[in-house]
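Biologist: I would like to go through this model with you and ask what stands behind each label. Please give the cut-offs as you go.

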Amino acid sequence: PETPYPLEAFPEPTLLARLVEEYFFHFSVYFPLLHRPTFEGNIRDGLHLRDEGFGSTLLLVCALAGRFSSDARVLPTETKSWHWAGWPWFQRVRSTRKLINLTSPTLYDLQLCVLVACYITMSPVVHAVYPIIGHGIRIAQDMGVHRRTMYGPRLTIEEELKKRAFWCLICMECGLCDRLGRPYNIHYEDFDLDLPVECDDEYWTNDDPDLAFKQPPGKPSKASVFIQVIRLGRILSHAYRIIHRAPIEKLLSNPDEAQRAVSQIDSELNEFITSLPDHLKWDTQNDDFFVHQSAMLHASYYTIQITVHRPFVPLPKRPSPLSFPSLAICTNAARSCIRVMEVQYYKLGSSLSLHWYQMSLFTCSVILLLNVWYGKMAGIAINPEKELEDVKKAMHMLQSLESRWVVFNVGKALNV
């Protein structure tokens, strides 16, 4: 019988192995969707040539990894633009795989929604991700993935992968709804599944069943960052529902309510940053792997801090109803965020990992420019050259992304 995908649909073996490595280094380090030993074992077994679901998953892994690869073979034959890296494999799945399937959904359907959404997030049509994430969440609900009672007393690899996929969808939706101003497809009170296991992939299985999914004592887990991403997503969701979903005029006209709302979110953010495990605290002397994870968490933390206080930055005809110095808080967060990203940029020696932070870098730059403008309006003596140093750093990092990622033309946008 004809295989779902012929052998020529996949990269040749050496490129395939390199792309799988790129995927787990650049993507799985933050969002551990797949179990690497199982995934690589299935490749060696040739499952991608027999099972359409796994074949589609592997092609999308290659498409995502292509976004981080410097090998020209990841580009379509008709263009040499790195904006289209990985497109041949994404297009192959897009033309073969039906997003709406009348059969019972499987784990692969969940994982494919996450991978498709991630690839499109890196494209100019970010708005198209919203219905895909919503579809993935509906599939998860149909499978019962969102309910704790659907899981057995002894966790299996497939059950843990279902949890990972669901939490990936939830985290992606948090960021996307905040960015696009869309309503959530699901709320936290609508599901009760446990958090993913804080255990590295190699410890999921053991000859002794009682030791399965047990991280060795004293060894920090690479998966810990995902737990913290989920925590941040919950805080962002809370902030979105309390502050940004309601008309801002309503909060501005009720200082006590606004003060309570912002104080509550600030308290949650403070608790988050002080309770991070030691290996994820901001320390540039840590292992490089954990420095990268810590940078992502801290950049997200500062960005959410700006998101919370930005609506209350005073304007000439609209004073802030809060006792908080919201502009100063946003300004300090913006400077801190850019400096964290600068460490990430130079420590890695590449801009490839910075695609996660494009909007953060742009937002932070606007905040710093606003601070300079506000100081001039208030007659405060400032040194514009000194104040704009961090803006120039952000511009440099954003400009380094232009050849590969679709980003703002930051020079024109900021007019500096």
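**Pockets and labels**

Modeller: The lining of the second largest pocket holds 18 nonpolar, three polar and five charged residues. This is a predicted model, in which local features need pLDDT of at least 70, side-chain atom pairs count only at pLDDT 80 or more, and totals for chains, interfaces and linings use all residues. Residues are numbered from 1 along each chain as its sequence is written, and side-chain values use heavy atoms, with hydrogens and water left out.

Biologist: What makes a residue nonpolar, polar or charged here?

Modeller: Ala, Val, Leu, Ile, Met, Phe, Trp, Tyr, Cys and Pro count as nonpolar, Asp, Glu, Lys and Arg as charged, and the others, Gly among them, as polar. On that basis the lining of the largest pocket divides into 27 nonpolar, 11 polar and three charged residues.

Biologist: What makes something a pocket, and what makes a residue part of its lining?

Modeller: On a 1 Å grid over the protein atoms alone, a pocket is an open set of points with protein on both sides within 12 Å along at least five of seven lines; lining residues have an atom within 4 Å of a point. By that rule 41 residues line the largest pocket, with Gly 175, Leu 176, Arg 179, Trp 356 and Met 359 nearest its centre.

Biologist: What is the volume of the largest pocket?

Modeller: About 1200 Å³. Grid points are joined across faces, edges and corners, and a volume is the space filled by probe spheres set on the points. For the second largest pocket the volume is about 520 Å³.

Biologist: Which helix gives the largest share of the lining of the largest pocket?

Modeller: H7, with eight residues. Helices (H or I, at least four residues) are DSSP runs, numbered from the N terminus. In the second largest pocket the largest share, six residues, comes from H5.

Biologist: Why is Ser 360 called buried?

Modeller: Buried means under 20% relative accessible area, with a 1.4 Å probe and protein chains only. Ser 360 has 11% relative accessibility, so Ser 360 counts as buried. Ser 360 lies in helix H13. Leaving aside neighbours within four places in sequence, Ser 360 is in contact (heavy atoms within 4.5 Å) with Thr 303 and Cys 337.

Biologist: Why does Phe 213 count as buried?

Modeller: Its relative accessibility is 12%, and therefore Phe 213 counts as buried. Phe 213 lies in the loop between H7 and H8.

Conventions. 1 Å grid on protein atoms, 1.4 Å probe; cavity = no way out; pocket = protein on both sides within 12 Å on 5 of 7 lines; lining within 4 Å. Helix = DSSP H or I, 4+ residues; strand = E, 2+ residues; numbered from the N terminus. Buried < 20%, exposed > 50% of the residue type's maximum accessible area, 1.4 Å probe, protein only.
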